[in-house]
Amino acid sequence: MDTFLAAAEILARWDVILALLVGSVGGVLIGAIPGVGPAVAIAILLPATFSMDPIVGLTVLLGIYGSSMYGGAIPAILINTPGTAVNALTTYDGFPMTQRGEARRALSLAYSASFFGGMFSVICLILFAPVLARVAPMFGSREIFLAALLGLILVVVAHRGQSLIAAALASFGIFLNTIGLEPVKYTKRYTFDQAWLSSGINLIVVVLGLFALSQAFFLLQGKDEKLELTRLKGGMFQGLRELSRHPRVASVSAGFGVLMGMIPGVGEFTAQFLSYTYAQRSSKTPEAFGNGAPEGLIAAETANNAVPAAAMVPLLALGIPGEALTAMMLSVFYVHNVVPGPQLFQNDMPFVVALYLALLILNLLVLGFLLFATNGLIKVVKIPNRFLGVAILTLSFVGVYSLRNSFTDCLVAAGFGIFGFVLKRLDLPAVPIVLGMVLGGIMEVKLRAGMARVKTPWDFIDRPVAMILFLMILGVLALHVRTLWKARKQRQTR
Amino acid sequence: MNADEQKRQKWPIRGQLLFALVFLLASLLLLSQLGVETKWIKKAKLVAQPRFWPAVGVCGMVLFSALHLWRLPVKRFHTADFVEWKVWFFAIEWVLWFLAYVWLVPLGGYLPVTMIFVPLMVWRLGYRGWPMMAASVGFAVAVVLLFKAFLQVKIPGGAVYDYLPDALRSAFILYF
């Protein structure tokens, strides 16, 4: 109870409340505009949050992360275009409902399902926090190294059909992180005698290039689409009632969201896939899935909104980001000398609980905002793509230039922007680069520290948590090889 | 690549071969520099070597990009590839716009340059109606006010502000 009160005290400040409002409304708006997405917004806002208190900056970013998926459902349902990548599955059943003249029902159901997923996840994690506080200290250097390695492997194998290039890009991220002065012996690595490379390649510059600038180039190079919006008829609260008729699908989907969110490198897509498959298999009308089945919409939206809160677990408890957005948030911690990891859970539990409470309030704010403001909000879907490109380009300048007022940073970001643009054109993933950079840095430090007391390879995994993580790595690799083998055999039989 | 393989391929084929080749060549180039660009310290453990992690990264790049290239279903360039390269090449125009903007802000000031840059780009994209032009000016002013005046992000005042009267100069340097 004391922890809870201390957490509430952290949040009871005008700047935190303002951050909650800005984050929640801003996130919904960003999510509702196809072509922007939370990664672009967070990358741009990141340097601006460095001057804020950690709790204020993180609340804004968490707000955008947590609420963008609510907004992303709007274009997914109304115009068959997901606002954020993770709303793709929402189009399967959301858009057919719009075609049947049930747009408002679909939107209301999506908001209600998202709200349930978000709240379920936060409540689970608040209840689970004391357990995490006991488990987190069991993670020493070796365990954190193995967890980071597991995260990296999961990111690679999660890119089905692209795992080789994903591994190459993750290795590229590891390489990028090593450029500059090495922190122990202070020798130069891959600086090519260039002074600007001595301090290394800044993660924020890479992130802004790969996510924001590349997206701007992509939109500028594309065409505007003419969109016709459907008029919304009916009440906005019907979704809450309808959701209560599918408690099993909602609870299982939220459970998948929490579980998959906690595993680094897995996230929304796997959670949605598992939830949707479960909902379809357990439904009395599986043939309706993909043609406007309410359970399908519930499964997709509940699962993806349960992920953000859960994704904070590896970040806060171990200092390991599971995906690009939490990797960006990690830099906010570092700028303020707050080191996420077991120590944070032991020494600053109110701060952790305050972040969860912020997510809880955020879900309430977003639901309230959407239930009353959807009619006005749907107009943002019509902003022309190329105008958005200009907007993102202008905003990217703030992100890159405000870091160090360096023209070189802007050049590097532009280079990564072109690289990210090519990746987007080829439909190849940029996320492994960012995670390679972040996890590569963590692995380097932790392996060096962990090996100090290791005499034989067996010593490295002689502790229970290390052994479990090692077995998980072997299991993931074995499963991946098995999947590849089965796919190969299927191809041969065809 | 036959029709069956094309159907199985879930992502675009155009441009993949050149990307894979360039990535592999760049990786090999970096690998060839491993001995020159990193140090090996005597009597230090393998994982404590400054060379260890760059080697992990670069060797991973070479190994996985070579396997990716080997597994790629296309082995020859086609007409679609040339069309794709043209798209990549023309994206450089937006890089030049961005760099020109970055170069001009410290000279002309954040507010004036943004108020010219955004409408100019909108014009370049083919929008001619006054609503879009007004929206672009409004957006430019809003961005400057939000980030420079309200959030106080570190963007230097323009050199041109030195020619303003004293009273205005400090306000412009601080807020615009």
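What percentage of the 494 residues in chain A is buried? In this predicted model, buried residues account for 59% of the chain. The secondary structure of chain A comprises 21 helices and two strands. Its radius of gyration is 22 Å, close to the 23 Å that the globule rule gives for 494 residues, so chain A is as compact as a globular protein of that length. The C-alpha trace of the chain spans about 65 × 65 × 50 Å along its principal axes. Of the contacts in chain A between residues at least 6 apart in sequence, 80% join residues at least 24 apart.

The largest nonpolar core contains 215 residues, and A:Ile42, A:Ala43 and A:Val434 have the most contacts inside it. When neighbours within four places in sequence are set aside, the contacts of A:Val434 are A:Gly173, A:Val206, A:Val207, A:Leu210, A:Ala324 and A:Ala327.

Confidence was also examined for chain A. The mean pLDDT is 85, with 97% of residues at 70 or more. Helix H8 (residues 163-178) of chain A has the highest confidence, at a mean of 94, whereas helix H16 (residues 342-347) of chain A has the lowest, at 77. Where pLDDT is low, predicted coordinates should not be read in detail.

Between the two chains, 54 residues of chain B are in contact with 52 residues of chain A. On the side of chain B that touches chain A, the elements giving two or more residues include helix H2 (16-32), helix H4 (52-71) and helix H8 (130-150) of chain B. The largest share, 12 residues, comes from H4(B). By residue class, this side of chain B consists of 38 nonpolar, nine polar and seven charged residues.

How values were computed
Residues numbered from 1 in each chain as written. Chains lettered and ligands numbered in written order. Predicted model: local features only at pLDDT ≥ 70, side-chain atom pairs only at ≥ 80, totals over all residues. Core = buried A, V, L, I, M, F, W, Y, C linked by C-beta atoms within 7 Å. Buried ≥ 20, exposed ≤ 12 C-beta atoms within 10 Å, placed from the backbone. Contact = placed C-beta atoms within 7 Å. pLDDT = per-residue confidence, 0-100. Helix = DSSP H or I, 4+ residues; strand = E, 2+ residues; numbered from the N terminus. Nonpolar A, V, L, I, M, F, W, Y, C, P; charged D, E, K, R; others polar. Rg over C-alpha atoms; globule rule 2.2 N^0.38 Å.
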